[in-house]
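Open the model in your viewer and keep the selection panel at hand. The stops below go from aromatic rings to nonpolar cores.

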Amino acid sequence: MNLRRVVVTGLGALTPIGNTVPEFWDGLSNGVSGAAPITRFDASKFKTQFACEVKNLDVLQFMDRKESRKIDPYAQYAMVAVAEAMEDSGLDLEKIDLTRAGVIWGSGIGGLKTFQDEVTDFAGGDGTPRFNPFFIPKMIADIAAGFISIKYGFQGPNFATVSACASATNALLDAFNYIRLGKANVFISGGSEAAVTEAGVGGFNALKALSQRNDDPKTASRPFDKDRDGFVLGEGAGALILEEYEHAKARGAKIYAELIGGGMTGDAYHITAPHPEGRGAANVMKFALEDAGLEPEAIDYINVHGTSTPLGDLSEVKAIKKIFGDHAYKINISSTKSMTGHLLGAAGAVEAIASILAMRNSLIPPTINHFSDDEEVDEKLNLTFNKAQKREVNVVLSNTFGFGGHNCSIIFRKIAE
């Protein structure tokens, strides 16, 4: 069957280094770190006392106070990013078929703050069940998609994807497949997360997953550095408007890029650790290339998962070398998590936006905080350390991997008429 083309016509970003897409790109291109001491709660007794928080956000600019009380921060973040993406897209809701417009949204955890607060309040009481009537609808991971659909009247496919840190990329690939199979014309897709809470930080600390570099938070996220000691927890949202090409062209839409392929695999290895040889990571990049109809030599830039964990960074490098061979040395590779921290279920969307902007601006955002070479990381790879690099970019690949062995790769290229 003839598959339809899918393009990106709107972008929205709410991140630790910028609350809009232009602010986000300015932070990325200038190598700004979003890490700082935690302000959400008193973290003085925690092993990790810093995170990459969203800053200077007034949600009441996007919703009234009464509505905001019914919405967990993860869904508030989604609504903020989507508002920017929808305005950017120029979609006229009165001129599109809303039954062929859908929402697929990712979150690894969902309403963690709501769950934490309600259970804490109950545990501190006398056993009488006094729960907020909005407890369940605020907490569940699908509710952001529901709120988005209701606000914009999108009546097509509407659901959530949950695959830990791969959630947003899974959402984008699901939306991509629905459009190219002819089942919808437009999707709002992406992901959001708000896990900078006592339960979030404490839980990841218990896993020994987070950096504990409390004396210098801004340099704590250091992917591929010899002294990396874990990821830095981030929060925020990324939203993309995906649209069938002819539909976008007919309305004269601005087109950022074409989404041309993707892959999804499972490590089938361990609940938190990646396969040591990058088995799932290699397979997912291989399948993404096949889906896009590309040879490895077509890729100019890889936005890697690159979380700054000892095991994860090495396995991803091994996978890249396995799939790309000698061409791996000609690719620019960078981890924007060195600046944003790890946005968990929102990471894939935010990093897809970073990849698209790198292509449009002919500039590779850096992997900041590189101080010492790791002898296990091939020094011939161009990991774009510490400073952005100018480069003509026609095709980008973005990786996101999640606990449970979930792997996703997504490929964008400059629009070809």
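Is F122 buried, partly exposed or exposed? With a relative accessible area of 34%, F122 is partly exposed; buried means under 20%, exposed over 50%, and partly exposed in between (1.4 Å probe, protein chains only).

This is a predicted model, in which local features need pLDDT of at least 70 and side-chain atom pairs pLDDT 80 or more, while totals for chains, interfaces and linings use all residues. Residues are numbered from 1 along each chain as its sequence is written, and side-chain values use heavy atoms, leaving out hydrogens and water.

Rings of Phe, Tyr and Trp (its six-membered ring) pair if their centres lie within 6.5 Å; planes under 30 degrees apart count as stacked, over 60 as edge-to-face and the rest as tilted.

Next, select F115 and F135. Their ring centres are 6.3 Å apart and the planes are at 35°, so this pair is tilted. F135 is buried at 11% relative accessible area, whereas F115, at 40%, is partly exposed. Ring pairs link F115, F122, F131 and F135 into a cluster.

Move to the largest nonpolar core, which has 48 residues; V8, L11, F24, L240, L242, I356 and F412 touch the most other members. Such a core is a set of buried Ala, Val, Leu, Ile, Met, Phe, Trp, Tyr and Cys residues joined through side-chain atoms within 4.5 Å.

Finally, a second, separate core of 32 residues includes V54, A78, W105 and I188.
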